[in-house]
Amino acid sequence: MSTDKVATLVAYDCWALLEGADIARVAWQAGDEIQLVPVNYTVADGGLWFRTDPGTALARGTAGRPVVVEVDQVDPVTRDGWSVVVRGTAELVDVLDAPDMLVEMTVWPAGTDSVFVRVDAERLTGRRLWGSGTTDASTPALSDRPTARPLEVRDARP
């Protein structure tokens, strides 16, 4: 589907966009709740990979289970952007079994993330959106927008 402001992306374009970004959000079902966490990721060896500690809720909750990974970018001035959603099953991979190119993967925050999670795309969807290209008088300039208040940070580890 394509309109003058929204276009559905083919898989090739989705993978190209995924390769150019590095922050994603991973969602999974945990009991009666949906869990959602940001991760650094990379695309390698035909899958989407991120790294975590085996004791985290992320590792325990996603191992062998369905996950949804969302990556997006938006330009707040032009209002252009894109979003790619990867649906698949998460597989925990020991650091010794991961492709060599992943060993030096940068992870924020730094830690002892000794397990990789690989998500093979069982379903891949994406959309590109085009904004107005310019801001109008009713849109505050970035410098005029209120700044966000700091959020309370809680440790996701039980």
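In strand β5, G47, W49 and R51 point one way while L48, F50 and T52 point the other way, and all of these residues are buried. The structure is a predicted model, in which the protein comprises two helices and eight strands. Along the sequence these elements follow the order β-α-β-β-β-β-α-β-β-β.

**Overall features**

- Of the 158 residues in the protein, 35% are buried, and the exposed surface comes to about 10100 Å², with carbon and sulfur atoms supplying 54% of it.
- When contacts with a separation of 6 or more are considered, 69% of them in the protein are between residues 24 or more positions apart.

**Nonpolar cores**

- In soluble globular proteins, nonpolar side chains tend to be buried together.
- The largest nonpolar core here contains 24 residues, and those with the most contacts inside it are L18, V26, Y41, F50, V69, V84 and V86.
- Two or more residues of this core are given by each of α1 (11-19), β2 (23-30), β3 (33-40), β5 (47-52), β6 (66-74), β7 (81-94) and β8 (115-129), and the largest share, four residues, comes from β7.
- Apart from this core lies another one, of seven residues, which includes A44, V93, M105 and F116.
- Y41, one of the residues with the most contacts inside the largest core, touches L18, A21, D22, I23, A24, L48, W49, F50, V71 and M105 when residues up to four places away in sequence are not counted.

**Strand β5 and its pairing**

- β5 is mostly covered, since six of its six residues are buried, and in a regular strand the side chains alternate between the two faces of the sheet.
- β4 and β5 run antiparallel and are joined by three bridges, and A44 has G47 in β5 as its bridge partner.
- The hairpin of β4 and β5 has two residues between the strands, and D45 takes a positive phi near 50° there.
- β5 also pairs with β8 in the antiparallel sense, over five bridges, and the bridge partner of F50 in β8 is V117.

**Helix α1**

- The buried residues of α1 are C14, L17 and L18, and because they cover an arc of only 100° around the axis, they lie on the same side of α1.
- An α-helix has 3.6 residues a turn, so residues three or four places apart point the same way.
- The buried residues of α1 pack against β4 (42-44), β5, β6, β7 and β8, whereas the face of α1 turned away from its buried side carries the exposed residues Y12 and E19.

**E70 in strand β6**

- E70 has its place in strand β6, and this residue counts as buried because its relative accessible area is 17%, which is under 20%.
- The side chain of E70 makes a polar contact of 2.8 Å with the side chain of R25, and a further polar contact, of 2.9 Å, joins the side chains of E70 and S83.
- With neighbours within four places in sequence left aside, E70 is in contact with A24, R25, S83, V84 and V85, so that list includes R25 and S83, the partners in the two polar contacts.

- T78 lies in the loop between β6 and β7, and T78 counts as buried because its relative accessibility is 19%, which is under 20%.
- A polar atom of the T78 side chain lies 3.2 Å from the backbone nitrogen of D80.
- A polar atom of the D94 side chain lies 2.8 Å from the backbone nitrogen of L96.
- D94 and R51 are 43 residues apart along the chain, and their C-alpha atoms are separated by 9.9 Å; R51 itself is one of the buried residues of β5.

Terms used: Residues numbered from 1 in each chain as written. Predicted model: local features only at pLDDT ≥ 70, side-chain atom pairs only at ≥ 80, totals over all residues. Heavy atoms only, no water. Buried < 20%, exposed > 50% of the residue type's maximum accessible area, 1.4 Å probe, protein only. Contact = heavy atoms within 4.5 Å. Areas by Shrake-Rupley, 256 points an atom, 1.4 Å probe, with all protein chains shown as cover. Core = buried A, V, L, I, M, F, W, Y, C linked by side-chain atoms within 4.5 Å. Polar contact = N/O pair within 3.5 Å; in protein donor to acceptor, adjacent residues only side chain to side chain. Arc of directions from axis to C-beta. Pairing = 2+ DSSP bridges.
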